Amino acid sequence: HVTVMAHEGAHATVGSAMGRRITGITFARTADGQTRMQSGSPPGTIVATVVGYLGPSAFGILAAELVGIGHIIAVVWAALVGLVALLVPLRKSFGFVTVVAAIIALFLVARYATAGAQVMAGYAIAWFLLLSGVRVVMVRGSGAADAGLLRDMTRIPRGFWSLFWLAGSLAALGFGATLLV
C-alpha cells in the first residue's frame, strides 16, 4: 500500500504541477489506486499517466538525495508532509485507513524515536521506495492499467511502457544506491 501511495502521489504531484485540479484519489484493499483530475491537453495527460510507475523510484531518489547530503532525519519529515498532502484529495476508500496509519507511524518515529532510530527510518524509507519501484513494475508489467491507458492515448504498445518503467526504476535504484552506500 505504501507503493500505491507513492504511485498515486506522483500522478497527483505532476498533475497539479501541470495546472490540473486533482478531483480525488482512492485506494482499494487490493493495493490498486486511482487519481482523478480534470482533463487537459493530451501531452499533459500522457505525462501525468507515465509518472505513476516512476513515482516510488522518484520519491526514493529524493530520499536518497537527502541522505546523501546528510539530512537523513529530514526524510522522515518529508515523507510525513507528503502523506499529509495526500490526505487532501483522498476520497472515502481503504486508503484513508492506510495513509492515516502511515502518518501516525511516521509521526511517532519523528517525534519520539531516538536519533539513531530516525536515521534507520530515513534509510529504510529511501531503500523501500527504490526497491518497491522496481518490484511493482515487475509484478504489474504490461498488464498495468496505466499501460493500457497509455496505449490508448499514444498507440504505443503496453510492453513499451512496462520496459520504460522498468528501465527508469532500475536506473533510479542504481543511482539511489550510490547515494545511500
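Predicted model: local features only at pLDDT ≥ 70, side-chain atom pairs only at ≥ 80, totals over all residues.
Helices here are DSSP runs of H or I with at least four residues, numbered from the N terminus.

**Entry: helix α6.** I started with α6, which covers residues 115–140. Its 26 residues should span 38 Å at 1.5 Å a residue, and I found its end C-alpha atoms 37 Å apart, which agrees.

**Entry: what α6 packs against.** I looked up its buried residues, and they include Gln 118, Ala 121, Ile 125, Leu 129 and Gly 133. The buried residues of α6 pack against α1 (2–17), α3 (55–68), α4 (72–87), α5 and α8 (158–180).

**Entry: the cores.** Which residues have the most contacts inside the largest nonpolar core? I got Met 5, Ile 25, Phe 27, Leu 83, Leu 86, Val 99 and Leu 130, in a core of 32 residues. At least two residues of this core come from each of α1, β1 (22–27), α3, α4, α5, α6 and α8. Another core lies apart from it, with nine residues, among them Tyr 53, Val 137, Ala 147 and Trp 165.

I also checked Val 99, skipping neighbours within four places in sequence. Val 99 touches Met 5, Phe 27, Leu 83, Leu 86, Leu 87 and Leu 90.

**Entry: the surface.** I then found a nonpolar surface patch of about 540 Å², made by Trp 77, Ile 104, Phe 107, Leu 108 and Tyr 112. Helix α5 (residues 94–112) gives the largest share of the patch, four residues. I picked out Leu 108, which sits in α5. Is Leu 108 buried or partly exposed? Leu 108 is partly exposed, because its relative accessible area is 44%.

Terms used:
Residues numbered from 1 in each chain as written. Heavy atoms only, no water. Patch = residues over 30% accessible without salt bridge, like charges linked within 9 Å, V, L, I, M, F, W, Y side chains within 5 Å. Areas by Shrake-Rupley, 256 points an atom, 1.4 Å probe, with all protein chains shown as cover. Salt bridge = Lys/Arg side-chain N within 4 Å of Asp/Glu carboxyl O. Buried < 20%, exposed > 50% of the residue type's maximum accessible area, 1.4 Å probe, protein only. Expected span 1.5 Å × (residues − 1). Contact = heavy atoms within 4.5 Å. Core = buried A, V, L, I, M, F, W, Y, C linked by side-chain atoms within 4.5 Å.
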